[in-house]
Structures are given as structure tokens and as C-alpha cells.
Amino acid sequence: MYDLAVAGAWIEFAVRWLHVITGIAWIGSSFYFIALDLGLHRDRNLPSGADGEEWQVHGGGFYHIQKYLVAPKNMPDGLIWHKWQSYWTWISGFILLILVYYLGAEFYLIDPTVADLTPWQAIGLSLASLAFGWIIYNTLCRVFVDADQTMLMVALFGVLVLMSYFYTSVFSGRAAMLHLGAFTATTMSANVFMIIIPNQKIVVDDLIAGRTPDAKYGKIAKQRSTHNNYLTLPVIFLMLSNHYPLAFATEHTWIIASLVFLMGVTIRHYFNSMHARQGNPHWTWAATTLIFIVIMWLSSGSMARDTVSEAATGPALRFAQAEGFAEVQDIVLGRCSMCHAEEPVWAGLLWAPKGVRLETEQQIARHAREIYLQSGVSHAMPPANLSYMEEDERARIVAWYLAATRS
């Protein structure tokens with residue numbers, strides 16, 4: 001039978017690839033249409049009755065684009081809906097959440113030193129938090145749809161700060177950052193699915209029926225689209241953060257996550273102002289740099305320590321008790337732990353790559369799958385085989401892992 005660990009790794013890779021592809025498509029179209037809307041020339045008397053227009057050149061051709069504030073007089077043929085990029089970005093992201101954090105809850109989602117949860121408790125908190133995010137966000141938007149939008153953004157930022165603290169209080173640092181990204185991305189995708197597209201369908205139905213569409217639907221959709229525009233960059237940072245222990249494995253992870261949202265606002269404000277021809281607010285780059293320096297300073301504090309007992313427990317126990325573990329432990333300690341340690345001895349390394357430490361029985365057993373895939377099946381680790389791991393040693397890692405999974 002085909003190796004399930006290898007098959008699982010390829011499935012995860014395929015879903016991650018789909019997630020990146022659809023994410024690029026969604027973010028690209030979102031950024032483009034926000035820039036287009038802000039850059040429209042609205043000082044021209046257009047015979048078509050459009051709200052604004054713009055000429056663009058790309059790919060060897062010229063494009064003449066017009067926007068109607070509510071809708072054109074008649075329903076156009078071949079209307080293109082921009083929605084599936086958003087839907088599939090969320091769907092593929094949720095599948096990844098299941099594959100990595102739900103199926104591997106005891107390894108990646110739960111940190112007993114943070115909260116001693118069962119897998120089902122952790123998964124339940126994860127799902128409930130995603131639903132809560134949409135409910136509280138949608139409620140605030142409905143209440144403040146006609147109010148000062150700056151105040152609404154401040155209220156939403158307060159929610160994100162509270163969720164940052166909540167996630168770091170119940171999940172591992174890596175999972176906390178990822179979940180804050182998923183929390184935000186779920187809200188963004190729900191904006192498209194629950195508000196923007198339904199509102200546009202109401203306008204289309206009115207056109208088909210010969211009625212004059214109500215401008216309020218476009219106003220509401222524009223509000224949500226603007227929110228998505230400002231939230232995109234923080235979501236990307238949070239999704240990438242699991243590769244950088246300085247972001248997720250410190251005592252100040254929730255503060256770092258909160259500040260990331262402020263950086264997203266300052267960066268997008270610059271580009272939005274520029275596209276709207278309102279000048280180049282260079283102060284935003286100074287603010288962004290200052291926030292980033294604060295984040296760097298916060299991350300330089302003491303890293304979160306793994307205080308779990310050195311004795312393997314839970315699912316890791318199976319790997320620690322499997323035939324050949326003692327040999328594999330010696331191999332890992334000899335070939336890997338000079339880098340994957342609380343205090344790496346390899347020149348130039350100040351912390352363990354990706355925060356993975358392989359010094360104790362518990363740590364090695366918890367990372368059995370990664371050791372198997374990266375040092376047994378492939379030659380990814382050690383990088384460039386700098387510690388001279390032999391083929392016989394890789395074979396023993398494979399034999400140990402398979403013995404544990406078949407027992």
C-alpha cells in the first residue's frame with residue numbers, strides 16, 4: 001500500500017498550492033478594483049451616465065473602463081462575477097486547517113503549557129471562534145453602516161486585539177497566529193458570500209425586472225470591500241508567520257499579531273491615497289517602519305519555552321515506544337540537534353529553525369512525521385547534508401516510523 005504519510009504530504013501540498021493560486025487571484029482582483037475605483041475620473045460629463053471612467057494600457061492594448069454608481073440602464077450581456085476566487089481561497093484554506101491543525105491537533109493545535117485541551121475541545125473552540133468572528137463583525141457593520149467609518153474600524157481593531165489575546169491563551173503560538181489569520185479571512189470571504197454578491201444580485205434582479213436599483217446595496221457592498229482591502233496584508237503576514245518562530249513563539253505573540261493589523265492599515269492607506277490622486281502620504285512608511293521596529297523589539301524578548309515533560313505522552317508515545325526509537329534518537333541528536341536546540345551550537349543560528357527543537361524524547365516523538373518525511377523519505381534535512389547523515393541512518397528512520405504507524 002502506498003505510504004500514507006507521503007500521500008498525506010502530497011495532498012497537503014496540492015491543497016496549499018490551490019490555496020496560494022486562488023489567494024493570488026482573489027487578492028489581485030481585490031487590489032485592482034480598489035485601485036480602479038479610487039482612480040476613476042469623476043469630473044467628466046459622460047454621455048453614458050457612468051459615474052466615472054479611466055483609460056489603461058496593458059499587454060499591448062488600451063482599455064476604456066467605466067463605472068456605474070448603481071447600475072446601467074439595461075442589463076449587459078456576458079456579465080462577469082468576481083466571487084469564486086474568494087470562495088475557493090476560503091474552501092482550500094479550511095481544508096488545510098483540517099489537514100494540519102484538526103487531524104494533527106495534539107501536535108500542532110494544542111500546547112499543554114498554554115491550555116490542557118482535548119483535541120475535540122480545541123477543534124470546537126476553533127470552529128466556534130470562526131463563526132463568532134463573522135457574527136460580531138457583521139453586527140458592528142450593520143449598526144455602524146451610516147456612522148463614522150473610522151470609528152467602526154477602531155471598534156473592529158479592538159475585536160482583533162481581543163481575539164489575538166484569546167487565541168494565544170488557548171492554542172499553541174503557531175496555531176494562534178494561523179487562527180487569527182483564518183478568523184480574519186473567514187470574515188473577508190463571508191463579506192463576499194453573504195453581503196457583496198447577494199447585494200449585487202438584488203441590483204441585477206431589479207434591472208431585469210425594469211426597476212431602478214436602490215443605491216444602498218452598492219454602498220453596503222463598497223463598505224465591506226474596503227474592509228477586505230485593509231485586512232488583506234495582515235492576513236498574508238499571519239499565514240506566513242508559522243515559518244518564523246520570532247513571530248509566533250515569543251511571550252508577546254498577541255501584541256505582535258495586533259500590531260500587524262496596524263501595519264496593514266498604514267501600507268494600504270499609502271497606496272489607496274496614491275490611487276485616489278490625493279498625494280503620497282510618505283508618513284505612512286515611517287509609521288510602518290516604526291511599528292515593525294517595535295515588533296522586532298518585542299520578538300527579541302525571551303522565546304516561549306517548551307516546558308512539556310520530557311517523557312513522551314499521547315500520540316507521541318507510540319513513536320517513542322516503537323522498535324528502533326533509541327537508534328533514531330541517537331541519530332537525531334547527532335545529526336539534527338546542533339541546530340534544532342533551545343540554544344543551537346551551529347554557527348550563525350540563534351534559534352531553532354521554525355522553532356522545532358529535537359533534544360528530548362518528547363520533542364523527537366512529537367516531530368516523528370517531519371523527521372520521517374524530511375530525513376527518511378527525502379534528503380531535505382539536514383540541509384545539504386551538512387552533518388553527513390548516512391543512507392543507513394535514513395533507512396533506520398524509515399523503518400522506525402513505519403514500525404510505529406503499523407503497530
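Author: A salt bridge is here a side-chain nitrogen of Lys or Arg within 4 Å of a carboxyl oxygen of Asp or Glu. The model is predicted, so local features need pLDDT of at least 70 and side-chain atom pairs count only at pLDDT 80 or more, whereas totals for chains, interfaces and linings use all residues. Residues are numbered from 1 along each chain as its sequence is written, and side-chain values use heavy atoms, with hydrogens and water left out.

Helices (H or I, at least four residues) and strands (E, at least two) are DSSP runs, numbered from the N terminus. With a relative accessible area of 11%, Glu54 is buried; Arg277, at 47%, is partly exposed. Buried means under 20% relative accessible area, exposed over 50%, and partly exposed in between (1.4 Å probe, protein chains only).

A second pair, Asp392 and Arg396, has its closest N and O atoms 2.9 Å apart. These two residues are four residues apart in helix 15 (residues 391-406), and therefore separated by about one helical turn. Asp392 is partly exposed at 45%, and Arg396 is partly exposed at 28%.

Salt bridges with shared partners also join Asp37, Arg42, Lys67 and Lys222 into one network. Within it, Arg42 and Asp37 meet at 3.2 Å, N to O. The whole structure holds nine salt bridges.
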